[in-house]
Every structure is written in structure tokens, then in C-alpha cells.
Number of protein chains: 2
Amino acid sequence: MRIMFIGLGLIGGSMAMALSGYPDAAFYAVDRDEWTRFEALGRGIVRSCWASIEDAPLETMDVVILCLHPAAAAAFIKENAHRLKPGSLLTDVCGVKRPLHEAVEALESRHFTYLGGHPMAGRERGGFANATADLFRGSHYILTPDDSVPVGAVRFMERLVLHMGCADIVLSNPEAHDERIGYTSQLMHVMALALCDQHLLFDSYGFEGGSFRGATRVAALEPDLWTELFWVNKETLANLTDELIEKLGEYSALLRSDDREALLARLTASSDRKKEFDRQRSIETSKLPLFK
Amino acid sequence: MRIMFIGLGLIGGSMAMALSGYPDAAFYAVDRDEWTRFEALGRGIVRSCWASIEDAPLETMDVVILCLHPAAAAAFIKENAHRLKPGSLLTDVCGVKRPLHEAVEALESRHFTYLGGHPMAGRERGGFANATADLFRGSHYILTPDDSVPVGAVRFMERLVLHMGCADIVLSNPEAHDERIGYTSQLMHVMALALCDQHLLFDSYGFEGGSFRGATRVAALEPDLWTELFWVNKETLANLTDELIEKLGEYSALLRSDDREALLARLTASSDRKKEFDRQRSIETSKLPLFK
């Protein structure tokens with residue numbers, strides 16, 4: 001089986017490293033960065049590496065994994081889908097799924113299977129230089145198959161991502177994915193940025209504990225990528241941000257009141273909600289993987 | 001040297017475990033929980049353990065470490081300070097420092113040194129059952145000495161906390177401490193609670209990545225303790241919450257605008273601010289510990 005990564009950045013590079021030893025597979029890649037190609041070849045992570053999509057033998061690949069930013073991935077589909085091998089599998093790792101599905105649906109004909117994917121792992125610094133084989137350890141890997149996707153393709157992706165160290169695969173659809181990711185990922189980035197815009201940031205050296213590091217880590221993001229992700233999802237994300245503002249406003253009002261019992265009641269209710277979420281999560285998780 | 005912990009909960013218990021092997025010291029404790037006393041004695045973590053402060057030989061201790069919630073710690077000072085050994089050191093681990101300093105200042109006379117402390121480490125679940133020797137590894141330990149504290153007491157605390165695995169000590173004063181902790185710790189807890197109050201929480205199983213886990217972890221808090229911490233600092237915390245609301249509102253407005261360039265500019269500025277903070281932090285950290 002011939003598998004090609006389009007892009008060996010943080011995600012593509014980490015996937016290629018994590019797939020070392022995957023049985024009966026040969027890995028190839030396209031990356032425009034010369035140092036990345038040199039390293040990936042030299043370390044035996046891929047068998048061959050091309051500088052441009054035009055020169056790469058897409059036509060011979062059984063699996064193509066798009067590891068590009070969303071707009072570039074959608075452009076790849078528009079411009080290169082006709083070159084994919086008949087019956088092959090195309091997947092991607094983008095953090096929003098509607099633009100990819102739309103690009104596939106806009107094709108005049110389809111002779112391949114498209115299965116959208118999104119590994120729930122990342123790092124503040126991008127690029128092959130920051131890629132590591134353990135990036136996905138314990139992470140969810142979301143797939144967004146449409147009704148035409150053969151179950152075998154889902155099973156194949158499950159084997160692949162479990163080999164990479166992922167905890168499980170999670171099945172969703174593009175709309176539900178983009179809404180939930182708006183909450184669990186994009187909103188966390190908006191919040192981290194807003195927290196770091198506060199006036200005390202540079203006065204807080206020595207006062208950071210685990211909660212501060214955990215909440216602000218992702219603020220050191222790649223602006224181009226995240227503007228792209230936010231923009232696709234802007235209405236959902238604005239609504240989620242406004243909901244957060246509303247909840248924070250309720251806390252602010254309680255703090256400004258003289259009703260300590262009301263604050264205690266709210267803290268009890270909110271923390272109970274989180275404890276119940278954690279409890280149910282451990283039940284949810286024990287149900288997976290999807291295909292035994 | 002005889003060192004007594006008042007309270008062997010998560011922090012007191014972890015400190016006692018982390019201080020195993022500290023030279024020329026014998027450790028004692030007071031804890032009202034029978035199982036905790038049984039365990040702490042049986043595992044050799046302390047030499048003796050009493051059920052009540054009244055029965056414990058406070059008068060013979062060179063160092064007393066208050067590991068109680070703030071109101072209980074302030075009450076200890078009011079009721080028991082007269083029993084402390086002349087010239088001994090009293091310290092505490094409370095997450096707010098003004099109430100402790102106020103309790104000490106309210107005493108008619110002082111025959112001991114009080115040095116406020118605050119380890120920047122914790123865990124969602126409290127109690128001795130969750131205490132571990134590695135809780136403080138890599139954490140800051142804040143001290144809030146007033147002008148009367150001998151340097152030797154600060155040096156002693158530094159040796160103690162470095163033995164516990166802390167990265168460094170950080171010197172502050174009660175007012176600056178409470179403001180900064182309002183930002184780096186209490187606000188992170190308000191935000192985690194508010195995030196978990198949002199309507200999508202229970203729809204997000206399988207979509208959680210590192211950013212979500214990092215930002216919401218501390219929502220599973222102890223309501224009594226955190227209501228106490230918030231209440232002491234309510235005005236500061238309400239102002240910080242309102243500042244966060246204001247910054248989030250700016251992001252919401254950008255997301256609702258049609259100006260993608262403005263959103264990119266804001267993401268660039270905010271993430272640059274965080275990257276600069278991280279860069280300066282690595283310089284700050286290399287300056288410590290305070291006393292070589």
C-alpha cells in the first residue's frame with residue numbers, strides 16, 4: 001500500500017513519524033521546504049519526497065493524506081482530485097470540515113473515497129521541526145464520513161490512527177464537527193488570547209500555576225492558520241463567545257453582590273456539572289474503539 | 001528541628017511527603033481525620049499526629065505550617081498564636097494572603113516570625129488520599145514577608161521548598177499577591193466554571209483536545225474553599241472578570257464583522273504578546289533561585 005502525505009508540517013510530519021512500522025505500507029510525501037524533505041528522507045520517515053504536487057505521482061497512491069491548512073487543502077481537491085487513483089482514499093487533517101466536504105461535493109465526478117479527519121492534538125509551534133512520533137498519544141481522532149463512505153475506509157483509518165497512538169476514533173458529520181470544535185477548540189483559543197490581552201500579564205511572572213499555563217498555552221498560536229479556522233466558523237464562534245461572556249457576567253454580578261450563599265450555590269452547581277461531565281467521559285471512553 | 005503541619009490535606013500531606021529525608025528535622029502533625037492520622041503515622045510521614053490543636057504540643061515546635069483553608073488558618077492565629085514557641089517560625093499555604101497578615105497584625109504582641117507562603121500547585125481533588133510527594137515539582141512557591149521577617153527565615157523556607165521539588169521562591173507582598181493570584185489563578189477558575197456552564201458541554205465528548213482539558217480542568221473544584229478564596233478578593237476578581245468580558249467582546253465583534261484583516265491583525269498582536277511573555281519568562285526563570 002502506497003500512502004502519500006501532502007505536507008510534512010507539525011501534523012503531517014508527526015503522523016509520518018508515528019506510522020513508522022505500520023505493516024505493508026510505503027510512505028511518500030510532498031513538501032515545498034527543502035530542509036524538511038532532506039530530513040524526512042534522511043531519517044527514513046518517507047521513501048521519496050517531492051517539492052511540488054505537480055511532480056508527485058499522485059496517480060499511483062492508494063491513500064493520500066492532506067496535511068495542509070484548510071484553504072490550501074480545498075484548493076488541492078479542486079485542482080488535483082482528477083489525478084487521484086481510481087478507488088483510492090483521500091483524507092485530511094483540517095480543523096474545520098465543511099470547506100473540505102464542500103470542495104469534494106463541488107467536483108463533477110468522484111472516482112475515489114473522501115473521508116474527512118481531524119486529530120485532536122497539536123502544539124503551539126508548527127512545522128516538521130516540532131513534529132514528534134508521540135504527538136497523538138491518547139488523543140481523539142475525529143472522522144466525518146458521508147453516507148457513501150465504505151465501512152472498510154473507516155476501519156482502515158481506525159487501524160492507522162490507533163497505530164499512531166490515538167485513544168480512539170470518533171464519528172461525526174461536518175456540521176456537528178464544526179460546531180463542537182467551535183466550543184472545545186476554537187473558543188479555548190479565543191479565550192486564551194483574551195486572557196493574554198489583560199493588563200496584568202507581564203506582572204504575573206512567578207504567579208503562574210497549572211491553571212494559568214493550561215488556559216493560556218494555546219494563545220501562542222499561528223495567526224494565519226487560526227484566522228482561517230475562525231473565519232470558516234465565525235458565526236458559531238461569535239455565538240459561543242457571547243454565551244461565555246454571558247456566563248462570566250453572571251459570575252461578575254455574584255462577586256459584586258453581598259450574597260455569599262448565592263456565589264457558593266453557583267460554584268457548587270457549576271463544579272458539579274464539570275464533575276458529572278468527567279464521570280460520564282470515563283464511561284464514554286470505555287466504550288471505544290468503535291470497531292473491535 | 002521540630003516541624004508541625006496543622007492539617008494533612010492535599011497540600012499539607014503532599015508537603016510532608018515531599019519533605020521526606022529533609023536533614024535534621026522531625027515532622028509532626030495535627031489532623032482531625034482518623035484515617036489520615038493512621039496513614040501518616042503508619043507510612044512514617046510524621047513522627048506523631050494529634051486529633052486536635054488543643055492536645056498538640058505547639059509550644060515545642062520550631063516551625064508550624066498552617067495547611068488549612070484561609071478562615072480556619074486566620075482563626076488558628078487568633079486563638080493559638082500565644083502558644084507558639086518564642087522565636088519560632090509560623091507559615092501557611094493559603095491562596096489569599098491578606099486575611100492571614102491581618103490576623104497576625106491584629107495580635108497584641110508577637111513573639112514569633114510569621115512568613116506567609118503559597119505553593120502554586122494543586123489538584124482538583126483534595127485530602128490526604130490525593131496527596132503525593134511530587135505535587136510541587138517545578139512549581140513556584142510564593143512568600144510574602146513583611147519588613148520584620150529575618151532573611152534567615154526566607155532562606156530556611158527556600159531550602160525547604162527546593163527540597164520539596166519547587167522550581168523557585170518568589171517574593172511578594174500580600175496586596176500584590178492577592179491581585180496577581182486573582183488573575184493567574186482565581187480568574188482561571190471563574191473562566192473554567194463559566195466554560196463548563198455552556199450548553200454544548202455534554203455534546204462535546206470525543207471533541208476534547210489539550211486546549212479544552214487545560215482550560216476546564218480546574219472547574220471540578222471544591223466549592224467551599226473557592227468561595228472563601230473568591231470572597232476575600234471579590235472586587236479584584238470581579239474587575240478582572242469584567243476586563244476579560246471586555247476583551248472577549250472585542251473578539252466577538254471582530255468575528256461578526258466582515259473584516260478578516262482586522263481579525264488577523266488582532267490574532268497576530270495577541271499571540272505576539274503571549275510569545276513575548278513566554279520568551280521573557282524563560283529569562284526570568286533563569287535568574288532564580290533567589291539565594292545562591
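This is a predicted model: local features need pLDDT of at least 70, side-chain atom pairs count only at pLDDT 80 or more; totals for chains, interfaces and linings use all residues.
I started with A:Phe112, which counts as buried because its relative accessibility is 6% (buried is under 20% relative accessible area, exposed over 50%, partly exposed in between, with a 1.4 Å probe and protein chains only). Residues are numbered from 1 along each chain as its sequence is written, chains are lettered from A and ligands numbered from 1 in the order written, and side-chain values use heavy atoms, without hydrogens and water.

Next I looked up where A:Phe112 sits: in the loop between helix H4 (98–105) and strand E6 (113–119) of chain A. Helices (H or I, at least four residues) and strands (E, at least two) are DSSP runs, numbered from the N terminus.

Then I listed its partners, setting aside neighbours within four places in sequence: A:Phe112 is in contact with A:Ala81, A:Leu84, A:Lys85, A:Gly87, A:Ser88, A:Leu90 and A:Leu107 (contact means heavy atoms within 4.5 Å). I also checked A:Gly138, which is 26 residues from A:Phe112 in sequence and 30 Å away in space, C-alpha to C-alpha.

Zooming out, I found ten helices and eight strands in chain A. Buried residues make up 58% of its 292 residues. Of the contacts in chain A between residues at least 6 apart in sequence, 71% join residues at least 24 apart. I noted that the C-alpha trace of chain A spans about 70 × 40 × 35 Å along its principal axes.
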